Amino acid sequence: MSRNTAQWLAKPKLPPTHYADPAIYSDPRLFDEEKAKIFKKVWWLACHESELPNPGDFRTYRHPGDAELVIVRGDDMKLRTFFNICPHRGNLLVYTPSGSVRNFVCIFHQWAFNVRGDCVDIPREKPGYQDRLCKDDVALKEVRTEVGFGGFVWVNLDDNAPSLRSEIGAALDYMLPELEAEPLQTFWYYQARLKTNFKLIHDTNSEFYHDYLHVYNRITGMLKPDSGYFQRKYTAFPGGHASVGSMVVSYDSYKSTGRSVLGWPHLPPQGWKLVDLFPCITINLRTSVLRVDTYIPLGPSDVILEFRALGLKSDTPEIRRQREKDAAVIWSPFGRNLHEDLLASSGQGIAMAKGSQPMYVLQAREEDATIHDEVGMRHYLAEWSRRMGRSSADPYATERVGARAA
Amino acid sequence: MTANRTEVEELVYETCLRLDEKDWPGFLALCDERFNYRVTAYSPEIRNDMTWLDRDRAEIEEFIGMLPKHNTDPSPLTRHAQVWKVKMAGDRADVVSSLQVFRTALNGGATELLAVGKYYDTVALDGGRPRLLARHVKLDTRDLGWGTHLPL
């Protein structure tokens, strides 16, 4: 029987941990608060060290905390991150997403900075500034940078944030043998900008009940009793992170895969491991390809998705070509699964846009933390609630209490 | 056979028409048995070419055959190609065409530009009619939004 408005908007008869107020996916005020309380506080995976292998190589990164950054490898091989801004008049220092420099030279007035962030040239310095300002006064702003967990480059805008390792905790221990077996190399990087909320697309990596969306995953896993699909378990870690247990993927069951027998060091044959990191990073090793998703939220219904695929640095051209073929089956912009995931997340963004009348969103499945349990989302939203000081099921409760007291 | 440039150009345009119509058998009928289809894009972020599809004829037939089982954006795509270069040598022709692909939403009918790039086609001239031997779709566009399952 269909529901009227009051019934539609009523809270589910479930614990508040098992549903979310749809406003957390669309309210601009909550988004601004996420920026301050989450985006500017956590470690973000900005790139991989293989993307800047030589001294002077740089990569830009659009940080979700509203900062344009540039990561550069120094002449001492150390990776440093700076605000991509000239301290003179606020112009971008570099305009291209990657490149190689000896010095960063601002196009505007030719101020120059070395790859350690020191200002090394101010044209006509003395005639203009006399002794009132010198190069030492105008070095670049450095951002905390750490390299780890397979050579990924992580940045944090908060000078006082805990270390990367304390924030990740043990969440990646489960994949460390595979991530650190040997040097990795990025072979795909591309973006997709969608009109949806970053948490919705992260959900698609945090719950696998949505495998009903993917005929590929049903054929190669869910419908295979011996695959271990239904035995895959979520393990929750402090900080909103979670890992998903491995299984044996039956790639041959799906026609047209062209899928190889390639594997990955330490990963069991046809294995698949996945770790979700708060607030929106997923490290996903599917047999022969490591996929890493990082999202850059721009607004409550606006997000840039970054997709990377990685292989081993030691790959021969033939092996690399096969890894690309394997990745393309499901994960390229033409891939079987990615298109479906992005369609569904975009559909959520459309249907739950601000001003619509969406119902409470359910994450209520309980199946002993196995693959169709929605504990991953519940665990995520518990961390979100902790950091925001708001319940994801009732995000305005504290304000109501405050208003009553006043 | 002695193919002329017009026949080669018409083959390129006919492939666009067949693909626009989602007439997969019609498209494959224009392709040689040795057909190979690739989609690539260059990433300036990692300074590397990316191969997003690389399939031989059998694989592309299976790829197309599985489409009805998938959840796919049903919006029609319109391919606009303009043949720029045709270089005929012996029993083959190398053809370069500019390409724009538009997506028209089923709901409301608004059209947006999905992608720009080029077709690098190899055409077999050794049969009774020109046939597509290989197509390399080299995309300039890398952000394809929610993507597509359809060949461009």
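Residues are numbered from 1 along each chain as its sequence is written, chains are lettered from A and ligands numbered from 1 in the order in which they are written. In this predicted model, local features need pLDDT of at least 70 and side-chain atom pairs count only at pLDDT 80 or more, while totals for chains, interfaces and linings use all residues.

Start with chain A. Its domain 1 covers 44-149 and its domain 2 covers 183-388; such bounds come from an automatic or database domain assignment. The C-alpha centres of these two domains of chain A are 34 Å apart. They do touch: six residues of domain 1 of chain A contact 11 residues of domain 2 of chain A. Contact here means that the C-beta atoms of two residues, placed from the backbone, lie within 7 Å. On the domain 1 side, the touching residues are two nonpolar, two polar and two charged. In this scheme Ala, Val, Leu, Ile, Met, Phe, Trp, Tyr, Cys and Pro are nonpolar, Asp, Glu, Lys and Arg are charged, and the others, Gly among them, are polar.

Now turn to the contact between the chains. Chain B gives 30 residues and chain A gives 32 residues. On the chain B side, β1 (31-43), β2 (48-56) and α3 (57-65) each supply at least two residues. The largest share, seven residues, belongs to β2(B). Helices (H or I, at least four residues) and strands (E, at least two) are DSSP runs, numbered from the N terminus. By class, the chain B side splits into 10 nonpolar, 10 polar and 10 charged residues.

Next, follow strand β18 (residues 302-312) of chain A. Eight of its 11 residues are buried. A residue is buried if 20 or more other C-beta atoms lie within 10 Å of its own, exposed if 12 or fewer, and partly exposed in between, with C-beta atoms placed from the backbone. β18(A) pairs with β12 (residues 184-194) of chain A, antiparallel, over 10 bridges. It also runs antiparallel to β17 (residues 289-299) of chain A, joined by nine bridges. Two strands count as paired if DSSP finds at least two bridges between them. A hairpin of two residues links β17(A) to β18(A).

The peptide bond from Phe278(A) to Pro279(A) is cis, with omega near 0°. Pro279(A) sits in the loop between β15 (272-277) and β16 (281-286) of chain A. Arg124(A) is not a glycine, yet its phi is positive, near 55°. Arg124(A) lies between β9 (119-121) and α3 (125-129) of chain A and is exposed, with 9 other C-beta atoms within 10 Å. Gln130(A), also not a glycine, has a positive phi of about 45°. Gln130(A) is in the loop between α3 and β10 (142-148) of chain A and counts as exposed, with 9 C-beta neighbours inside 10 Å.

Finally, the core. The largest nonpolar core has 141 residues, and Trp188(A) and Val123(B) are among those with the most contacts inside it. A nonpolar core is a set of buried Ala, Val, Leu, Ile, Met, Phe, Trp, Tyr and Cys residues joined through C-beta atoms within 7 Å. β12(A) provides the largest share, seven residues. Domain 1 and domain 2 of chain A each contribute at least three residues. Leaving aside residues up to four places away in sequence, Val123(B) touches residues including Val8(B), Leu11(B), Val95(B) and Leu132(B).
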